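Here is a short report for a reader new to this structure. Take a look at the sequence and the model first.

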Amino acid sequence: MDYDLIIIGSGPGGYVAAIRASQLKMKVAVVEKAELGGICLNWGCIPTKSLLKSAQVFDYLNHASDYGISVSGEVVPDFGAIISRSRRVAEGMSKGIQFLFKKNGITHIKGVGSLAGGNSVEVMDQEGDRKVYSAKNIILATGAGSRDLPNLRQDGKRIIGYREAMTLPEQPKSMLVVGAGAIGCEFADFYQTIGSEVTLVEFLPRIVPNEDEEVSKQLERSFKKKKMKILTGSAVESADLSGDKCLVSVKTPSGNETITTEIILSAVGVTPNIGGIGLEKAGVNTMKGKVVVDEYYQTSVRNIFAIGDIVHGPALAHVASSEGIICVEKIAGMETSPLDYGNIPSCTYTNPEIASVGMTEAAAKESGREIRVGKFPFTASGKANASGSRDGFIKLIFDAQHGELLGAHMIGANVTEMISGIVVARKLETTAHEIIKSVHPHPTMSEAIMEATAAAYGEAIHI
């Protein structure tokens, strides 16, 4: 065999799996046709956070007087410079992955990889030349791409996906965002904050529909304060691109509405990249557009594994990374445990941010449990008031009988930095009593976790 392990795809699943395999003394190669780090690092998680940070700085400058600071002259966003900064950040991170590959002795095979049957992987390079490599084991980590709607086909210019939204040549005066999940809400927030007129359209009854209902309502209030137009329970029926502007027909609960906009951003989710990677040739089973795997990511073929967006579970970078490590450790014969998909944190980096883990209040009630719910608003937080970030709250859900922490739902400044503590607490089976009796520093945003827990048991001090 040429290698112990070949991984097709270098996103947060693929490159993490490669590094862990190298640590376990495997000879590893990664097949990647584009930049190391995949979509997340180059065209997703990292550059979008750069864009959102620029928008936050712009927002601070526009509200400098709220903090007793006078800014002379008009504050104007330099759209080109904002985009350039995000690309530099992504490129720097990609170079970091190159360094890690070199440090760990991982071979980068440039090209498009596909299964060739047995232990073989065929790679086609940019010139169209093909070469076959062999490995004891193969991991598929090909990720996902922007999903196209049949009546809203992306042309990369006027109907765009997330990739084009990060590299537009100039800032649009108006934008219609279709889909109010994490991706749609983050882009809607960015463009609205820097001055574009944004309309956000969501087919389901509320934005960020996978979050707790109270979180959805809070984010909608925050967005409307920014003058964003939000249409929930609505669907885009057609788009007329014949003129200078896009004329978009939207079916809303109150009737059809025509919206005029420069750009349409389709953010209706992602589609797993399972086409053209040789699944049929290798005999790998699929179901409903995803690769079928067991709890350790082995496919229907003994030496072929799959992780990340192409298998069951949430399409999140940190999930793919965890799956990659578990998969590699299993291949290496180590004692390891399956991933607990009930304790996966979810984050949305809007302003205010959203972070959650575990059951929503509705799901907890549907499970038939008796529950206690505690909520602490940031309007009552000293740190939130001092920092001028009063929007949002912490909401915690406990099992009434045992005090088990069933779910946490946060919306507010920096809550994506707080959710990890809740994930660890749930992993350790921490009870409400232990949270209440753990001293939290003051003044901090995180002490709201203790306050929300106390509220669930009628012991809250500051509300």
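## Cavity

On a 1 Å grid over the protein atoms alone, a cavity is a set of points where a 1.4 Å probe fits but cannot get out. Grid points are joined across faces, edges and corners, and a volume is the space filled by probe spheres set on the points. By this rule there is one cavity of 30 Å³ or more. The model is predicted: local features need pLDDT of at least 70, side-chain atom pairs count only at pLDDT 80 or more, and totals for chains, interfaces and linings use all residues. Residues are numbered from 1 along each chain as its sequence is written, and side-chain values use heavy atoms, with hydrogens and water left out.

The largest cavity holds about 40 Å³ of space. Its lining residues (an atom within 4 Å of a point) are S146, Y162, I183, S266, A267, V268 and G269. Four are nonpolar, three are polar and none is charged. Here Ala, Val, Leu, Ile, Met, Phe, Trp, Tyr, Cys and Pro count as nonpolar, Asp, Glu, Lys and Arg as charged, and the others, Gly among them, as polar.

## Second largest pocket

A pocket is an open set of points with protein on both sides within 12 Å along at least five of seven lines. The second largest pocket has about 1,100 Å³ of space. Its lining has 34 residues, and Q56, D59, N351, P352 and S389 lie nearest the centre. The lining divides into nine nonpolar, 13 polar and twelve charged residues.

Helices (H or I, at least four residues) and strands (E, at least two) are DSSP runs, numbered from the N terminus. Helices α3, α6, α7 (213-225), α11 (382-387) and α12 (415-427) each supply at least two residues of this pocket's lining. α3 gives the most, with nine residues.

## Helix α3 and its partners

Axes are lines fitted to C-alpha atoms, for helices over the stretch in contact, and angles run from 0 to 180 degrees between N-to-C directions. Contact means heavy atoms within 4.5 Å. Helix α3 (residues 45-62) packs against α4 (residues 79-103) at about 145°, with the axes 8 Å apart. On the α3 side, the contact uses I46, P47, S50, L51 and S54; among the α4 residues are I82, I83 and M93. By class, this contact has eight nonpolar, three polar and two charged residues.

The axes of α3 and α6 come within 9 Å and cross at roughly 35°. T48, K49, L51, L52, A55, F58 and D59 of α3 meet E186, F187, F190 and T193 of α6. This contact divides into six nonpolar, two polar and three charged residues.

## Two open sheets

Two strands pair if DSSP finds at least two bridges between them. Five strands form an open parallel sheet, in the order β8-β15-β9-β10-β11. Its edge strands are β8 (159-160) and β11 (229-232). Two bridges join β8 to β15 (residues 263-266), and I160 has L265 as its bridge partner in β15. Helix α6 (residues 182-193) lies across β9 (174-178), β10 (197-202) and β15, at about 165° to β10.

Three strands form an open antiparallel sheet, in the order β12-β13-β14. β12 (235-240) and β14 (255-261) each have a single partner strand, so one side of each is left without a neighbour in the sheet. The twist averages 25° from one strand to the next. Seven bridges join β13 (residues 246-252) to β14. K251 stands opposite N256 in β14.
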